[in-house]
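Please brief me on this model, topic by topic. Keep the cut-offs next to the terms.

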Amino acid sequence: MSPSSSIRVAGLGYTYPGYAVPALAEVSFEVAPGEVVAVLGPSGAGKTTLFRCLTQLVDPDEGTVELAGRRPAELDGRELRLARREVGLIFQQFNLVRRLTAQGNVLAGRLGHLSTWRVLLRRFPAADRELAGVCLARVGLSDQADQRADRLSGGQQQRVAIARVLAQQSSLVLADEPVASLDPETATSVLDILRDVARERDITVLSSLHQIDLATRFADRVLGLRAGRLVVDKPAEAFDDTDYGLIFASPTPAPPSGTPA
Amino acid sequence: MANWAGRAWPPSTADLGLLLLRAAETFAIALVGTTLAGILALASCTLAARNITTNGFLRLPTRWFLNTLRGIDSFVFAILFVAAVGLGPFAGVLGVALHTWGSMAKLFAETIEDMPAGPLDAARLTGASRVKVVSYALVPDALPGLSSIALYMLEFNVRTSTVLGIVGAGGIGLELKNSLDLLNFPRLATVILIILAMVTLVDQISARLRRHLG
């Protein structure tokens, strides 16, 4: 196990400006290379803030983030771009370029590897175009390669986003609520693809999810967030009702049954 | 006025060839000026867009500069350029280009600021530099909006260019002024009809093109 392909989060804390309660407090965990980890928690538990800290869209007040052996917060310019190249991202809203084809969007995963003039002139090396084809085939979308992204269904768009991450060839993938915008059946199949490619290529995955059944099916390990704190950290197969309670149960006792709504 | 209108009928066809040539010159001034402005606006609009250029020390001076260009009318620029580079369409092209640069870059920047952040973040976080992000993730989605603005500016500039000749900056405006100075009303009528036909035609074609964008 090389230390260069893991996540190390230590003492992470963040409070949004103007809020009294921290969105994240004292969150620490490590993810080993090749591990597939789900971050579970109700809305507002801090999952998105955690991902925004991991991707430097938010600058944490406390603590450190180390991705694939590097601390992005301490880098800038070219070094930061090189560090970002090693971390693939998947978003809830897919974030494809709407008017580019599926193939064009997969090639976007190569942007960090290509010279500026190649990007400006859209001159992708044959090897990259071949790679994009392989990645699209892996997510089962070879027949949609020339289709514009905004003409694809939500599930297809997220599969293109997975292919984009594969084309980026990073050892680590962060996914923020990757299936929250999809219907349950599509959600399951998209997560299955993500888990399978992670296993095949030994990619470390950290993904936030808000449904337990999806999380335990998808991940080797589950991290539970509640009110910005890490309350559960255990293997997926050991996850039980007590853990569920720790993450999701309301802080006050539920009203007795029979109470009018 | 009625007297003038009466004396203007029927319009003269004596100089039709020359007048059509001048009309073509007017259109050329608008087209070349707008194209130059489009290139300059494309190059500068991202510097004025808040979501691309977060650094205020770069963005605000760019905005001031573009606002200054926008604040000076093509006609005023044309008067200055006639003095600086001499009579003729070149002065008109420069006048149109500079004013339109300011207007177009401002509209471009506003369009870019309204683009969703997600695809740009996604590209940036693959480790792509700003130029790559703009060219690959922004331009394809912004292009229909930007093209529509450019076509609209072209329509506007064809109308503006019809009067540039009055100050000697080329095009059919010169014939407008000459005919009026010589009290040659039939010829004046022809000039006005040609201008109307040209402006209508350009507006129609441009409106149709803009409908097909997107």
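**Chain contact and layout**

The contact between the chains takes 23 residues from chain A and 17 residues from chain B; two residues are in contact if their C-beta atoms, placed from the backbone, lie within 7 Å. This is a predicted model, in which local features need pLDDT of at least 70, side-chain atom pairs count only at pLDDT 80 or more, and totals for chains, interfaces and linings use all residues. Residues are numbered from 1 along each chain as its sequence is written, while chains are lettered from A and ligands numbered from 1 in the order in which they are written.

**Chain B side of the contact**

- On the side of chain B that touches chain A, the elements giving two or more residues are α6 (117-124) and α7 (130-164) of chain B.
- Helices (H or I, at least four residues) and strands (E, at least two) are DSSP runs, numbered from the N terminus.
- α7(B) gives the most to this side, with seven residues.
- By class, this side of chain B has nine nonpolar, five polar and three charged residues.
- Ala, Val, Leu, Ile, Met, Phe, Trp, Tyr, Cys and Pro count as nonpolar, Asp, Glu, Lys and Arg as charged, and the others, Gly among them, as polar.

**Chain B overall**

- Chain B has nine helices and zero strands.
- The C-alpha trace of chain B spans about 70 × 40 × 25 Å along its principal axes.
- Chain B has 214 residues, of which 44% count as buried.
- A residue is buried if 20 or more other C-beta atoms lie within 10 Å of its own, exposed if 12 or fewer, and partly exposed in between, with C-beta atoms placed from the backbone.
- Take contacts in chain B between residues at least 6 apart in sequence: 73% join residues at least 24 apart.
- B:Ala28 lies in helix α2 (residues 16-48) of chain B.
- B:Ala28 has 16 other C-beta atoms within 10 Å, so B:Ala28 is partly exposed.
- B:Ala28 and B:Leu40 are twelve residues apart along the chain, and their C-alpha atoms are separated by 18 Å.

**Domains of chain A**

- Chain A is divided into domain 1 (1-86 + 171-250) and domain 2 (91-169), with bounds from an automatic or database domain assignment.
- The centres of the two domains of chain A, taken over C-alpha atoms, are separated by 24 Å.
- In chain A, 15 residues of domain 1 are in contact with 15 residues of domain 2.
- On the domain 1 side, α2 (77-85) and α7 (184-201) of chain A are the elements that give two or more residues.
- α7(A) gives the most to that side, with five residues.
- The domain 1 side divides into eight nonpolar, two polar and five charged residues.

**Helix packing in chain A**

- Helix α5 (residues 126-138) and helix α6 (residues 154-168) of chain A pack at an angle of about 140 degrees, with axes 9 Å apart.
- Axes are lines fitted to C-alpha atoms, for helices over the stretch in contact, and angles run from 0 to 180 degrees between N-to-C directions.
- α5(A) and α6(A) are therefore oblique to each other; angles under 35 degrees count as roughly parallel, over 145 as roughly antiparallel, 65 to 115 as roughly perpendicular and the rest as oblique.
- A:Leu131, A:Ala132, A:Cys135, A:Leu136 and A:Arg138 in α5(A) meet A:Ala163, A:Leu166 and A:Ala167 in α6(A).
- Seven residues of this contact are nonpolar, none is polar and one is charged.

**Positive phi in chain A**

- A:Gln169, a residue other than glycine, has a positive phi near 55 degrees.
- A:Glu177, also a residue other than glycine, has a positive phi near 45 degrees.
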